[in-house]
Amino acid sequence: MSADVPIALLPVLGAALVPLVRGRLRVVLLLALPAATFVWLLLLPEGEFGQFELLGQTLTLMRVDRLSLLFGYVFVLALFLTAIYALHVEDTTQHVAALVYGGAALGAVFAGDLLTLFVWWELTAVSSVLLIWARRTERAYGAGMRYVVIQLGSGMLLLAGAALHVTAGGSLAFGHIGLESAGGALMLAAIGIKCAFPLLHNWLQDAYPEATETGTVVLSAFTTKLGIYALARGFPGTEMLIWIGAAMTAFPIFYAVIENDLRRVLAYSVNNQLGFMVVGIGLGTEMAVNGAVAHAFADILFKMLLFMSMGAVLLRTGTVNGTDLGGLYKSMPWTTGFCIVGAASISAFPLFSGFVTKSMVMSAAASEGYVFTWLVLLFASAGVFHHAGIKIPYFAFFAHDSGIRCREAPPHMLIAMALTAALCVGIGSFPAALYALLPYPVTYVPYTASHVLDQLQLLVFSALAFSVLMRTGIYPPEMRSVNLDFDWIYRGLGCDLVRTMAGIVSAWLVAGGEMARLFAGRSLTALRRHHGPESALARTWPTGSMALWVMILLLAYLLFYYL
Amino acid sequence: MQNDKRFWLDDPRNVTKLFRGLWAIGAGLVLAELFVHRHEELAFAGWFAFYAVFGFVACVALVLAAKEILRRLVKRPEDYYER
């Protein structure tokens with residue numbers, strides 16, 4: 001297979017075939033497309049391909065190196081697993097959207113220049129919003145609209161940044177960018193939106209929980225990790241990212257503790273995990289960048305697994321609110337088990353994937369002397385176990401028995417969850433395979449007695465804290481509520497401002513119209529009085545009266561003459 | 001379906017057993033420090049039971065801050081944005 005053709009074209013163009021087939025044939029097609037893409041991926045030689053000149057700049061459609069291959073593998077894997085998970089979905093739009101979206105993310109990962117990156121970047125935005133709108137509720141429509149506006153805005157920033165970068169003498173090639181130029185800053189903002197930097201993050205918590213049960217799983221895999229890839233490519237070693245990342249790990253966990261919608265809790269934990277990757281990229285050492293991208297790889301899988309388990313709950317019970325669930329382990333034992341594997345992986349239990357990836361970032365932070373950052377990351381590690389590791393399985397499957405008795409998730413969902421869970425345990429138990437794919441050689445050894453003991457102490461005592469708070473009744477009960485976040489600025493304050501302004505302007509318009517009407521009415525009446533058909537000036541006068549008046553005037557003239 | 005079936009976890013005594021078991025594991029892990037040679041990049045992380053105390057205190061602080069401060073500030077009715 002020629003490496004000059006973008007690999008992304010296979011899933012993107014293949015998606016066009018999906019509406020044409022039904023039944024078994026569609027199942028085969030949906031699974032064959034990611035599988036064929038994976039085979040293509042394995043055959044790719046390293047190097048730069050598909051190059052041509054445009055306006056004096058070189059475009060590179062395919063840049064194959066260790067970093068792009070790593071993300072390529074996990075994206076195709078995600079596409080395959082989500083395809084299995086979503087096999088029951090009748091809605092053709094969702095299948096097409098998922099394939100185009102995953103394909104576009106793949107295209108962006110292999111893009112060797114900023115223009116090609118921009119094209120794929122925007123396609124991920126346009127295709128992914130369909131997965132939100134496919135829920136077909138009023139809320140989903142609104143959330144999707146906000147999502148797509150922000151995502152397309154990110155693309156615009158990227159394009160503007162690239163243009164500035166090139167006019168300032170930079171190259172269009174997508175390599176290390178850095179913050180030296182204004183263009184670099186704009187591109188960092190564009191990538192920051194995708195990575196959900198603090199204050200740019202709300203689209204994630206807003207939109208992901210409103211998508212369909214399968215759509216959220218697909219969404220969780222691509223957009224934010226594409227952001228992490230772009231950050232690792234363009235901005236490694238940018239110190240600002242260490243602080244941004246540390247803030248990202250810490251603040252979402254407070255929200256996650258009080259959030260009721262369990263898929264929104266997971267959306268906050270996406271943010272928290274991205275923070276670890278952003279810190280790693282900010283540190284910029286070989287071990288830190290290795291850790292960041294390895295954690296992205298592991299995170300895609302365990303986050304999908306967690307969203308899959310919640311999707312199965314949503315499918316069977318119609319809700320994922322902590323207030324309405326509980327005791328589901330009785331009806332959905334397999335889903336419960338897979339959810340716990342995902343929870344153990346995100347919490348970085350030894351033998352699960354998070355343990356061998358997240359610790360590389362933490363160890364790099366410690367060895368670079370970022371003590372405060374390391375403490376924040378440790379706090380976030382305890383916090384993520386608390387809200388994603390315990391809260392998610394506990395409130396959905398255990399807690400008080402809600403009385404809901406439903407069927408276990410359908411077989412294809414269980415298969416998708418089982419495969420994903422196997423990968424999570426596989427990476428955690430045999431990290432060498434993943435380490436061999438990382439961009440730099442790995443010397444880090446995750447399994448030392450000291451590291452295992454430290455991590456187990458941290459996790460067991462976090463669990464004890466949860467149990468103590470639960471048994472003493474101090475733990476805050478789940479409540480039906482909306483928790484205001486930074487998006488209040490545009491959803492609350494912004495909306496109010498626009499409404500108030502619109503009210504004022506329309507009042508002005510109404511008053512102006514009223515005045516115009518009055519003024520016009522009066523002038524018309526005056527005109528009518530003087531010039532209308534009945535008015536004095538329009539009257540026909542007899543000739544005699546004119547002669548009479550002339551005579552009177554002449555007599556008056558004579559009279560004045562003699563006086 | 002299986003409404004009347006009793007599960008092991010339905011009995012509060014078993015939950016208490018689990019709770020006590022967790023404390024026992026925690027105690028075991030702290031005691032294990034005496035036998036494991038620890039190498040920490042940061043000196044204070046080598047203090048006795050550092051991770052255990054940190055994990056417990058961090059989680060209690062997290063929950064209390066979220067409950068007493070954040071929830072008071074940001075909690076609104078469920079239809080807040082739809083009104």
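**Figure 1. Chain B of the predicted model, with its elements and their confidence.** Within chain B, mean confidence is highest in H1(B), at 92, and lowest in S1(B), at 86. The chain as a whole has a mean pLDDT of 86, and 95% of its residues reach 70 or more. Chain B contains 2 helices and 1 strand, arranged along the sequence in the pattern α-α-β. Its radius of gyration is 21 Å, well over the 12 Å given by the globule rule for 83 residues, so chain B is more spread out than a compact globule. The C-alpha trace of chain B spans about 60 × 40 × 20 Å along its principal axes.

Figure 2. Chain A is built with 20 helices and 3 strands. For its 563 residues the globule rule gives 24 Å, whereas the radius of gyration of chain A is 33 Å, well over that value; chain A is therefore more spread out than a compact globule. Along the principal axes, the C-alpha trace of chain A spans about 140 × 65 × 55 Å. The average pLDDT of chain A is 93, and 100% of the residues score at least 70.

**Figure 3. The contact between chain B and chain A.** Chain A contributes 42 residues to the contact and chain B contributes 41. On the chain B side, helix H1 (12-32), helix H2 (50-74) and strand S1 (75-76) each supply at least two residues. H2(B) gives the most to this side, with 16 residues. By class, the residues of chain B that touch chain A comprise 27 nonpolar, 6 polar and 8 charged. The model as a whole scores ipTM 0.90 and pTM 0.89.

**Figure 4. Strand pairing between S3(A) and S1(B).** Strand S3 (residues 482-483) of chain A pairs with S1(B) in the antiparallel sense, over 2 bridges. Val482(A) has Arg76(B) in S1(B) as its bridge partner.

**Figure 5. The hairpin of S1(A) and S2(A).** Strand S1 (residues 47-54) of chain A and strand S2 (residues 57-64) of chain A run antiparallel and are joined by 7 bridges. Phe52(A) stands opposite Leu59(A) in S2(A). The hairpin has 2 residues between its strands, and Leu55(A) in the turn has a positive phi of about 50°. In a regular strand, side chains alternate between the two faces of the sheet.

**Figure 6. Packing of H7(A) against H9(A).** Two packed helices are described by the angle between their axes and the distance between the axes. Helix H7 (residues 182-195) of chain A and helix H9 (residues 215-234) of chain A pack at an angle of about 145°, and their axes are 7 Å apart. The crossing of H7(A) past H9(A) is left-handed. From H7(A), the residues in contact are Met187(A), Ile191(A), Lys194(A) and Cys195(A). In H9(A) they meet Thr223(A), Thr224(A), Leu226(A), Gly227(A), Ile228(A), Ala230(A), Leu231(A) and Gly234(A). The contact of these helices has 7 nonpolar, 4 polar and 1 charged residues.

Terms used:
Residues numbered from 1 in each chain as written. Chains lettered and ligands numbered in written order. Predicted model: local features only at pLDDT ≥ 70, side-chain atom pairs only at ≥ 80, totals over all residues. Axes fitted to C-alpha atoms, helices over the stretch in contact; angles between N-to-C directions. Helix = DSSP H or I, 4+ residues; strand = E, 2+ residues; numbered from the N terminus. Left-handed = near helix turned anticlockwise from the far one by under 90°. Contact = placed C-beta atoms within 7 Å. Nonpolar A, V, L, I, M, F, W, Y, C, P; charged D, E, K, R; others polar. Pairing = 2+ DSSP bridges. pLDDT = per-residue confidence, 0-100. Rg over C-alpha atoms; globule rule 2.2 N^0.38 Å.
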